[in-house]
Amino acid sequence: MLAFVPAIALSAFWIAGEHALVMVALGLPILYLLTGTLNEARAAKTCEIDTTTGLPMIDQLENDAEEMIVSCSEAGRKSALFFIQLEEFESLVQRYGQEARGALLERLGERFRALLREHDTVYWLGGARFAILIAPVPQFELESAVQLSSRLQSAAEEPVSVNMQALFVSAAVGFCLSTRSPEGTASAWMRASETALNEATRNNPSSIRAYSAEMGETSMKREALMREAFFALDNGEISPWFQPQISTDTGRVTGFEALARWHHPKRGTVAPADFLPALQDTGQMERLGEVVLYGALTALKTWDRAGFFVPCVAVNFTAEELRNPKLAEKIRWDLDRFDLSPDRLTIEVLETIVAGSPEDAAARNLAALAKLGCRIDLDDFGTGHASITAIRRFTIERIKIDRSFISRVDKDQEQQRMVSAIQTMAERLGLETLAEGVETSGEHAMLGQLGCAHVQGFAIARPMPFDDTLAWLTQHNTKLGTLPQIRGGTAI
């Protein structure tokens, strides 16, 4: 643009004389200023800076990553892209407010920049996520990336002071080396780093994960499974299966536990460990809970009509389900609809749920359900952090002793002492016990001798579709006398 100024000046002088030349001369500084202002506006538009952190944002990351991919390819150099997820961030913001949010983001952004070289860049991606793009270097290998990830985590874990209050967060880190990017595009590189971060957040707190081709394939399979699981709920492929619980004293059925199972039309039975995380990631756990609860109540009513009295059916409830403010009202309505008394439904919860605050929504729902008359079972007892106070506060009626204490209990005296101690505590608190994961007749008999009232596991029966429960109940009642029965500590 400025290259035309001399030509404009000469033309003006030729046409209008010296007055025009003076006007052009006076306009030159304005033209220079205007050009600079336009360039600054373009730069500001290209690089949008977050006002809180002072960091460029995701649009700029996409542009810079594209240039970096090309630069590394042409110059034979290497780079890496890091994604960082702050853990405990949202809970701190909820507790301490927006001032804490701003202070955490600003301070951590400064710390991350202090760890890097001049041409490395830190970005804020929104929420609790940052990104770091390493300027091209001749060598940047996996070991260097892991070391930098560890330093970033250490920087994040240092406390941030807000209003004389020390706030602590930790960080998960996922990264992808430029040499491992699945495609030569910025979007693919960013997806790979996000995949690594997602893998890190699925593991223990403060995990570090590096992207690999195998991880990418696993992620694609998981995403496909998530899509299939979403539709499987609607198609009836995911339904409750039932595992019986029996008395060690009489051998009679004291209940069934309803367990979600997925019968895939092509893959067959999909393990819960595979599809439950997929439903969790897509926010479908409440829908799953509704499917299992409806199937469990339907089963109770059908057993009644067939002449098999099953005292109760147990349904697992997640923390997310228990935080639904309308849960107790919904369960009351469901029980009325099936004309079932509340004591026919057992609510199974993990220790981590009852260990929470009594003011938590989950705690209020549990109290309401106990008041309604539902039974409350504490699942996987011995693996969580529930205190005796919490157990009493939530009107727990029965604790389920985890499989880790049951394995080889008939042969391992240490296991016997552990189960005996749990049994003694339960008796003094007025609680029943149920041992889960009983896999042998020897374990079954020993648990009865130790005073455990109920057992559940493969030694009794594997989880089965509802249609199979009627035949199993018939067979079990016919052979009831042949099952181990313990009275007075002696097998008969």
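**Questions on a predicted protein model**

Me: In this predicted model, is Arg337 buried, partly exposed or exposed?

Reply: Arg337 has a relative accessible area of 44%. Buried would require under 20%, and exposed would require over 50%. The value for Arg337 lies in between, so this residue is partly exposed.

Me: Which helix holds Arg337, and how far apart in space are Arg337 and Leu297, C-alpha to C-alpha?

Reply: Arg337 is found in helix H12, which covers residues 327-337. Along the sequence, Arg337 and Leu297 are 40 residues apart. In space, their C-alpha atoms are separated by 9.7 Å.

Me: Is Gln284 buried or exposed?

Reply: Gln284 is placed in the loop between helix H9 (272-281) and helix H10 (285-305). Its relative accessibility is 7%. A residue under 20% counts as buried. Gln284 is therefore buried.

Me: Which side chain does the side chain of Gln284 join in a polar contact?

Reply: Leaving aside residues up to four places away in sequence, Gln284 touches Phe230, Leu233 and Leu279. The polar contact has a length of 2.6 Å, and the partner in this side-chain pair is Arg287.

Me: How many helices and strands does the protein chain have, and what percentage of its residues is buried?

Reply: The secondary structure comprises 19 helices and 19 strands. The chain has 492 residues, and the buried part of them is 45%.

Me: Among contacts between residues at least 6 apart in sequence, what percentage joins residues at least 24 apart?

Reply: A contact here means heavy atoms within 4.5 Å. Among the contacts in the protein chain that join residues at least 6 apart in sequence, the share joining residues at least 24 apart is 68%.

Me: Which strands are the edge strands of the open sheet of 5 strands?

Reply: The strand order is S2-S3-S1-S6-S7, and the pairing is mixed. An edge strand of this sheet pairs on one side only. The twist averages 20 degrees from one strand to the next. The edge strands are S2 (121-126) and S7 (208-210).

Me: In which sense do S2 and S3 pair, and which residue of S3 is the bridge partner of Tyr123?

Reply: Strands of a sheet pair through backbone hydrogen bonds, either parallel or antiparallel. S2 and S3 (residues 129-133) are joined by 5 bridges in the antiparallel sense. The bridge partner of Tyr123 is Ala131.

Me: At about what angle to S6 does helix H7 run?

Reply: Helix H7 (residues 186-202) lies across S1 (80-87), S3, S6 (170-177) and S7. Its angle to S6 is about 145 degrees.

Me: What word describes the arrangement of H4 and H5 relative to each other?

Reply: Phe89, Leu92, Val93 and Tyr96 in H4 meet Gln98, Ala100, Arg101, Leu104 and Leu105 in H5. The axes of H4 (residues 89-96) and H5 (residues 98-115) come within 6 Å and cross at roughly 140 degrees. Roughly antiparallel would require an angle over 145 degrees. H4 and H5 are therefore oblique.

Definitions and conventions:
Residues numbered from 1 in each chain as written. Predicted model: local features only at pLDDT ≥ 70, side-chain atom pairs only at ≥ 80, totals over all residues. Heavy atoms only, no water. Helix = DSSP H or I, 4+ residues; strand = E, 2+ residues; numbered from the N terminus. Buried < 20%, exposed > 50% of the residue type's maximum accessible area, 1.4 Å probe, protein only. Pairing = 2+ DSSP bridges. Axes fitted to C-alpha atoms, helices over the stretch in contact; angles between N-to-C directions. Polar contact = N/O pair within 3.5 Å; in protein donor to acceptor, adjacent residues only side chain to side chain. Parallel < 35°, antiparallel > 145°, perpendicular 65-115°, else oblique.
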